[in-house]
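Please examine the sequence and the structure shown below.

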Amino acid sequence: MLNVLLVDDEPGAIKALKYAIDWEREGFRIAGEASDGDQALKMVKEQNYAVVISDIRMPGMDGLTLIQELLAFPHTLTVAVSGYDEFDYVKQCLKLGVKDYLLKPVKEEELLTLVCKLRAEIESNFILNKQRNLAISTIRNDAFKQWVQGRIPFAEADSILRLWSIVLPASRTWTAVIVEFAALDLSDSNWTTQEWQTATFAVRNVLEELIMPTGGIFEDEQGHIVLVLNFGHASLTQITELVYSYHDITLRYTKIPLTFAIGNPVNHPVDVPVSYQNALATMERKFLLGTPSVIMPSTLQMDRDGISETNRHFIQDMLEAMKQGRKDYVTRRLQEQVGIWKRNGLSKSDVQAIIVEWMVNLYHYASQYGEQGEQFFQRRAAASYKSILVCRNIEQLIFIARQTGEELVDFLETAKWRHSHNPVSELKQIVEAHYSEQISLKSIAKQIHMNATYLGQLFKSSEGTSFNDYLLQLRMNKACALLANTDMKVYEVASAVGYKQLDWFYKKFKENVGVSANEYRSKSK
């Protein structure tokens, strides 16, 4: 209901307006009555009114003065009422933007026509404001995305934002933060795209409320929500405390577990893309820590830019040796590298960063081998990582690295058979045999001992479509065949192709085939 304030020094005049029409049927309610302009202005300051209908001549603050004061409330529409048909009053009211000038006694038909016109204008203004706010939000977030991902320079993003009266401070602390869903899995066909979008929308809404108006938010191509935070002058500890509060508030309102990865703070907006890349690198190592709620960049003591080309070559060399099962070479290469690190004076944290980088690559490689690979690094990763951080000398560090590496070699040796089969063909065979059951990419991946995300990527690359779309199309084709060639009832067809809920089958069938199941059967006879 839209609030209306009636202003008149004559109680009878207010009563006449109040009962002239059915206000609630027209979407309004009389929310206030005032006997003069001073009282009315005070009421408007305390409560929102969509419409103020005021008499012109009143003791104290008259109606014209009140209407002039109400110009400070642009969302409040004004209507003048008077017992005098004076052109001078009408002219002044027009200058003040009054929506209409009614003569007493106000006729029911005239008031009803006016109220309908006011409601239409208010609804139109609401839609326009909503569209404008949405456009501003979209432009703002797109400018942030282009700038933070390094596609346009800060100066260009700044120019775009200034067109919409958004001014970014240049001399402040800036930090990019990556937000990732910690538990939800799109590869599970039981988790619909709509549910995923709803969850993302909920999380994003909460975060947007927390960081606006000084921050920025967008979604990147990997499905992350990216926050761009700016502060007066803040330390990493202070930023981390704030991000922890964001995590707790978002979890409280959405009940969705999230991981926040903080990028290194920078002191100028032109360097924000560096913070974003650092946050991405931090998030990639989430599995080494379990699934913590917040990951600080300093916790990992690792920055890709801090690893030299020589050490990158060492990491790749070690990875290839591990893939080939060359344990002796791994041990010898580690010892040789220790000598190089000592001669070059690398610090403990430098060596830790290189070893963890090598292990990250190994764990990524192992995770391609399905559930067993995931279980392997989930079981070993946290222990190895903690050991690396607390080791007292480089000898202990190398011992941990060699031990973990040897275990990985043993695992990879036992998993080599998986290279010989065609997982996409195996997946399609399973789907063909079990499409009538409640199957998902996740359940199939578990059955053939593969990582669900990796299997989904292989399938899409091979077939040019996602697993969910493939399964849906297969079921629809089977349903069409049953409808055309059997006398099975529609609910029996739905169950036969894997749909337990008939309404959902009807909806999906019409979306994909273009006609209802019954219409399709009739046309096929």
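Predicted model: local features only at pLDDT ≥ 70, side-chain atom pairs only at ≥ 80, totals over all residues.

Residues are numbered from 1 along each chain as its sequence is written, and side-chain values use heavy atoms, with hydrogens and water left out.

Helices (H or I, at least four residues) and strands (E, at least two) are DSSP runs, numbered from the N terminus. Five strands, 5 in the order β2-β1-β3-β4-β5, form an open sheet with parallel pairing; two strands pair if DSSP finds at least two bridges between them. Because β2 (28–34) and β5 (101–103) each have a single partner strand, they stand at the edges, and one side of each is left without a neighbour in the sheet. From one strand to the next, the twist averages 25 degrees. Within the sheet, β3 (residues 51–55) and β4 (residues 77–82) run parallel and are joined by 5 bridges, and Asp55 stands opposite Val81 in β4.

Helix α8 (residues 236–254) has 19 residues, which should span 27 Å at 1.5 Å a residue, and this agrees with the 26 Å between its end C-alpha atoms; the expected span is 1.5 Å times one less than the number of residues. Buried residues of α8 (under 20% relative accessible area; exposed is over 50% and partly exposed in between, with a 1.4 Å probe and protein chains only) include Leu236, Ile239, Val243 and Tyr246. The buried residues fall within an arc of 115 degrees seen down the axis of α8, so they line one face of the helix; the arc is that of the directions from the helix axis to the C-beta atoms. Exposed Glu241 and Tyr253 are carried on the face turned away from the buried side of α8. Just after α8, Lys255 takes a positive phi of about 60 degrees.

A salt bridge is a side-chain nitrogen of Lys or Arg within 4 Å of a carboxyl oxygen of Asp or Glu, and the count by this rule comes to 13. One of them joins Asp55 and Lys104 (3.5 Å, N to O), linking strand β3 to the loop between β5 and α5 (108–148), 49 residues apart. Asp55 counts as buried at 5% relative accessibility, whereas Lys104 counts as partly exposed at 26%. In another, the closest N and O atoms of Asp158 and Arg162 are 2.9 Å apart; these two residues are 4 residues apart in helix α6 (residues 154–162), separated by about one helical turn.

Terms used:
Axes fitted to C-alpha atoms, helices over the stretch in contact; angles between N-to-C directions.
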